[in-house]
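Okay, thanks for coming, everyone.

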Amino acid sequence: MKEKLFDVPRRVLAGVAALLALAAVIGLTAMSGSTMQPSPASAPAGEFSADRALKHLEAFATRPRPIGSQASAQARDYLVERMRAAGLEVRVQRAVGANSSTGLASFGQVDNVVATRRGTDPTGTVVIAAHYDSAAMGPGTSDDAAAVASMLETVRALGDVKLRNDLVFLMTDGEEDGVLGAEAFVREHPLGSTGGVLLNWEARGVSGPSLMFETSPGNAGLVGTFADAVPFPRGDSMMVELYRLLPNNTDFTPMTAAGFRGMNFAYIQESSRYHTADDSLAHLNRGSLQHHGTNMLALARTLGAADLPALAADHDVTYFRLFGVLLTYPNGLVWPLAGLAVAAVAGLAFVAWRRRLAGPGRMVAGAISGVVPVAAAALLAQGLWEVLVAMRPDYYGMGGLLHRPDVFRLAVAVLAGLAVLGWYFPLRRRLGPAALAIGALAWPALLGAVCAQVAPGASFMFALPALFAALGGLAALLPRALAPGAAGGAAGGMAGGMAGGMAGRVRRVLGGPVWRVAALTAGLVVGAALLPGLALTAFDGMGLALGGASAVVLALFGLVALPAVELWLPEPHRPLGRPVAFGVPLVAAALAVALVPAGLAVDGFDAANPRRTHLAYVMDAETRQAGWVSADLAPSGWTRRYVSGRDTSSLPPGYARGALWTGPAPAVDLDGPRVTVLRQDGGTYRLRVTAGRGARSLTLRVERPIVEATAKAGGMRAVTVPVTGTRANTWPGEVRFRGIPAGGAEITLKVAGTGELRVTAIGERDGFAAVPGFAPMPAGLVAATREDGGLVAITRTYRL
């Protein structure tokens, strides 16, 4: 039993028709995920206008605004002024924000802008949040000034219309340095402990639709509101489940941990600009700004008028777009649908066995062997990334987020197809096409069941393609499985003859080649609408450095679509012939290889699509020995003007982190940081620290692991964070205080072990203007995203 599911007379025509139909579905799905057209400044007053919002961006988002910078203070003052002019109650919350990660305690003086629009009869509070600080490397027009400008335009569009609930527009500070502003808000601000509905807005690129990518648990009421209120809803519950599993965080994280329930939004395309100088007005997609703001305004109006307690729910819902329509269903249906997918695949296997198309052993073997193409696709994609980095080391510093990655994405898709065909062709004659196709469907069905248990909102992505593909196969096979003449044999005389004739005609139609191909193709449509879109989203969010994730999804789609491929092929007892058996895989392999130099040519660096480079200046304040450092794998020509070797022995103790290029530099006339021991008790050190005149931030590198750190500054409340683990490739403990007051701060450290403790203090200033002979970065280069890039670091090492 090594047969096809079915054969058709004109198999090439049938195969072309099926694959074209699936390609059309993929294309239409991609088109339906586009963003909006921007509205002009002349748009009606009650509508959101991207052009009007752009005026605010031009006022405060044209240069970097890292925490504690002059540009950040000017942006804060502009936002306060505009919100007050709109009639809102505005307060600035000044506090020390805190966070910790592996071996690191992060602190910062934050100035959160809290603007309140009072409701007429509040049932709760709606908090619309975004951060106004940016990464130090760029102006952060998308991340996250676009959302802040959308707030100002939303307030204007709301006008004087009375809403039931209080709207709080929270513009946080210090998000880029560890969600410091949001942490301080929930810890110290009165509104932070009252909870409410949170709408947080972010960006991880400069283009694309505004995606609702994260929710708090119990999201049923909120997702329903989102689906009903927003004119162009984008996003799906697969993203929600993935983001809950990842270590990433935004302001949404500390606020929902404090009791807020809500939704998180971002656009993520063209992410090569993320956290660089190219996150600017010139690269901002106006349609993305419009989409952000239109959604924000719609939800502000709807939630502002809603009975907020009625939106609370004890369960999540699954939601996703299919052919432009946002579908939702309660997670109570997740297990039944996953079970139906498994049952449909089992039913297809049963019919194939009864029709003697495939034996149970062969179908099980097909299912078990299905792991091979999935794993091979992932390995080939990751191998492609290693080849690209070897050929162009600059890609490493971009983290796989390339300017023009489409050719390389196509290469990953070709490699995924190669993995599937390289598995299918050799086993086709041994196990049979039907056994392989049905066994392959076991994988998405199994993943749907696994996700139903561990990540219910993601189950649809695998269960529905398996369910509908199996149903399509059953629809194509089942009419042929009807016993010939069964209806006629059950009747007598003329009635029996008429019934038999009718049954025969029905059987000829439903068992005909057109019906079979149509039924099979229709069953594959859901997979074509979901799985390639997931692969594209994974490309946008994770880049080619994790291209294996997209390759796995594409390989799964290849497994689902095997019956459409089989339409092209002859009966399994006939050999495929060398042009197909060897020619197709060889062509695919040759195409994948050819796409590498083609992609490198298309994705060349230029002024519009710059390469990244890392450069920092460091000087020991005691010895006056100074040097340049770069973490680039292969420094650019400009960077090599400053670094020439790998010798890090001249760097201050504890400064180096990982492998660095170094070079000599002239000393600068800047004072350095100071550390004074106020008290020492065993492994606990209470220190008074200053960063130096004009320094924005202070970093302490500590020779032993830190257990706990406390910071206090400028009359603000002290805050303590526990610290676990150790820093990699440098001294094990680190403390950062961003936006440190000129008068300094008090830091208390609890460290592991006893005895003498070395601490290197690093005072940090933005830019190299103070360094004699420095030549500005030329066009075609931007600063890399490593946190010490573009900084003048003056150090002192203390033995405590």
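This is a predicted model: local features need pLDDT of at least 70, side-chain atom pairs count only at pLDDT 80 or more; totals for chains, interfaces and linings use all residues.

Zoom in on one end of that. Strand S17, which covers residues 706-712, pairs with S18 in the antiparallel sense, over four bridges. If you want a particular bridge to find, take glutamate 708: its partner in S18 is proline 722.

Okay, over to some helices. H12 is residues 371-391 and H14 is residues 406-431; they pack at an angle of about 145°, with their axes 8 Å apart. The crossing of H12 past H14 is right-handed. What's in the contact? From H12 you get, among others, Val372, Pro373, Leu380 and Leu388, and H14 brings residues including Phe408, Leu415 and Trp423. By class, that contact has 16 nonpolar residues, no polar ones and no charged ones.

Now for a couple of single residues. First up, aspartate 316, in the loop between helix H9 (286-304) and strand S8 (317-322). Buried or exposed? Aspartate 316 has a relative accessible area of 14%, so it counts as buried, the cut-off being under 20%. Its side chain reaches the backbone nitrogen of asparagine 219, at 3.0 Å. Leaving aside neighbours within four places in sequence, aspartate 316 is in contact with Ser216, Pro217, Gly218, Asn219 and Ala220, and also with Arg244, Pro330 and Asn331.

Last one: histidine 292, which is found in helix H9. Histidine 292 counts as buried because its relative accessibility is 0%. Not counting residues up to four places away in sequence, histidine 292 touches a set that includes Ala147, Trp201, Glu202, Phe265 and Tyr267. And how far is histidine 292 from valine 580? In sequence they're 288 residues apart, and in space it's 49 Å, C-alpha to C-alpha.

That's my tour. Happy to go back to any of those views.

Key
Residues are numbered from 1 along each chain as its sequence is written. Side-chain values use heavy atoms; hydrogens and water are left out. Two strands pair if DSSP finds at least two bridges between them. Helices (H or I, at least four residues) and strands (E, at least two) are DSSP runs, numbered from the N terminus. Axes are lines fitted to C-alpha atoms, for helices over the stretch in contact, and angles run from 0 to 180 degrees between N-to-C directions. A crossing is left-handed if the near helix is turned anticlockwise from the far one by less than a right angle, and right-handed if clockwise. Contact means heavy atoms within 4.5 Å. Ala, Val, Leu, Ile, Met, Phe, Trp, Tyr, Cys and Pro count as nonpolar, Asp, Glu, Lys and Arg as charged, and the others, Gly among them, as polar. Buried means under 20% relative accessible area, exposed over 50%, partly exposed in between (1.4 Å probe, protein chains only). A polar contact is a pair of N or O atoms within 3.5 Å; within protein, one must be able to donate a hydrogen and the other to accept it, and residues adjacent in sequence count only if both atoms are side-chain atoms.
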